[in-house]
Amino acid sequence: MANASFDSIPSVQKAWIYHEYGKSAEVLKFDDNVPVPQVKEDQVLIKVVAAALNPIDFKRMLGYIKAIGPEFDSPPPTVPGYDVAGVVVKVGSQVKKFKVGDEVYGDINELAIQKPKKFGSLAEYTAAEERVLALKPKNLSFAEAASLPLAIETAYEGLERTGFSAGQSILVLGGAGGVGTLLIQVAKHVFSASKVAATASTGKLDLLRSLGADLAIDYTKENFEDLLEKFDVVYDAVGGQSEKLAKAVKEGGKVVTIVGPATPPAFFFAITSTGTTLEKLEPYLESGKVKPVIDPKGQFPFSKTLEAFAYLETSRAIGKVVLYPIP
């Protein structure tokens, strides 16, 4: 497709940006004079309508990715943000899947912890490769769509890595979080799990059941590792419990964690973002079998991005925290 665009794309824009590593409240600043990124031949430029925050955003800002090795993070200045939903306003010369005007969504960082983009989604415009994007399901709002990509791809790809299949059982640790709320639904409705158990605190157990959990475990009152029942897969979306995980899995079962470090038998997993996964899940999203979960207090306007980070950083959010509208 020839390079095509809207004529009204500005050269500078509003964005949130940090110039040094540190806590979001201290280093993340609003800037209304940030250059709009140039589009490479395999990319599209997106007019951002909504973005979602993920724990990786503030962990990267704190320097955790850089700490793995200096080659793992692009040095600041950085506009954070992995998840985006918006409208294509320009396409690179090699782009075949999308055209100007398409409503798209995706996780714009193909490798979550290997050189994520310096220019993320917390801006009016961002650029992304067409392979990490998909058309937005028509029944979802931009805010709902933005809440999904990193979390639902993490849920789906993690289950794929374990070889999870119909008729198997799974224990989800952190069932009320961004990944957990989707993982329960994907395990149940996409992979046809025979039994889904999930942990959360007392006030969130009904939510787990409404999402499809057969067994909702109150971690404030019982230890998952003491259950007599064992599971084919244990999926840890919380971290810090490696030594307990092996006690909950069947012999020959799989243990996966998305919060490192992992000690055997658990293995650590970080997603490779791809629009293909979102396309596979589209029928489940359009039918309503799998639903986005946004915290009831978790939608913030662009101007309240620091408050949104503060809320996410409490680790108490149910489902996702999103920024909408931008701006």
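A: Domain bounds come from an automatic or database domain assignment, and in this predicted model, numbered from 1 along each chain as its sequence is written, local features need pLDDT of at least 70, side-chain atom pairs count only at pLDDT 80 or more, and totals for chains, interfaces and linings use all residues. Side-chain values use heavy atoms, with hydrogens and water left out.

Q: Which domains does the assignment give, and how far apart are the C-alpha centres of domain 1 and domain 2?
A: The assignment gives domain 1 as 12-136 + 293-323 and domain 2 as 152-268, and their C-alpha centres lie 28 Å apart. The contact, meaning heavy atoms within 4.5 Å, takes 9 residues from domain 1 and 11 residues from domain 2.

Q: How much area do domain 1 and domain 2 bury between them?
A: The size of an interface is often given as the accessible area lost when the parts come together. Here buried area is the accessible area (1.4 Å probe) that two parts lose on being put together, summed over both, and for domain 1 and domain 2 this is about 650 Å², with 62% of it on carbon and sulfur atoms. On the side of domain 1, Val293, Ile318 and Gly319 lose the most area to domain 2, and together they account for 53% of what that side buries.

Q: How many salt bridges does the rule find across the interface of domain 1 and domain 2, and how many in the whole structure?
A: Side chains of opposite charge can pair when their charged atoms come close. A salt bridge is counted when a side-chain nitrogen of Lys or Arg lies within 4 Å of a carboxyl oxygen of Asp or Glu; by this rule there are 0 across the interface of domain 1 and domain 2, while a search of the whole structure finds 14. One of these pairs aspartate 42 with arginine 131, whose closest N and O atoms are 3.3 Å apart. Aspartate 42 lies in the loop between strand 3 (28-35) and strand 4 (43-53) and arginine 131 in the loop between strand 7 (125-129) and strand 8 (133-135), so the pair ties together parts that are 89 residues apart in sequence; strands (E, at least two residues) and helices (H or I, at least four) are DSSP runs, numbered from the N terminus.

Q: Where are the cis peptide bonds at proline 77 and proline 261, and what is the phi of lysine 115?
A: Most residues other than glycine have a negative phi, and most peptide bonds are trans. A cis bond joins proline 76 and proline 77, with omega about 10°, and proline 77 lies in the loop between helix 3 (64-68) and strand 5 (83-91). The bond from glycine 260 to proline 261 is also cis, with omega near -5°. Lysine 115, although not a glycine, has a positive phi of about 50°.
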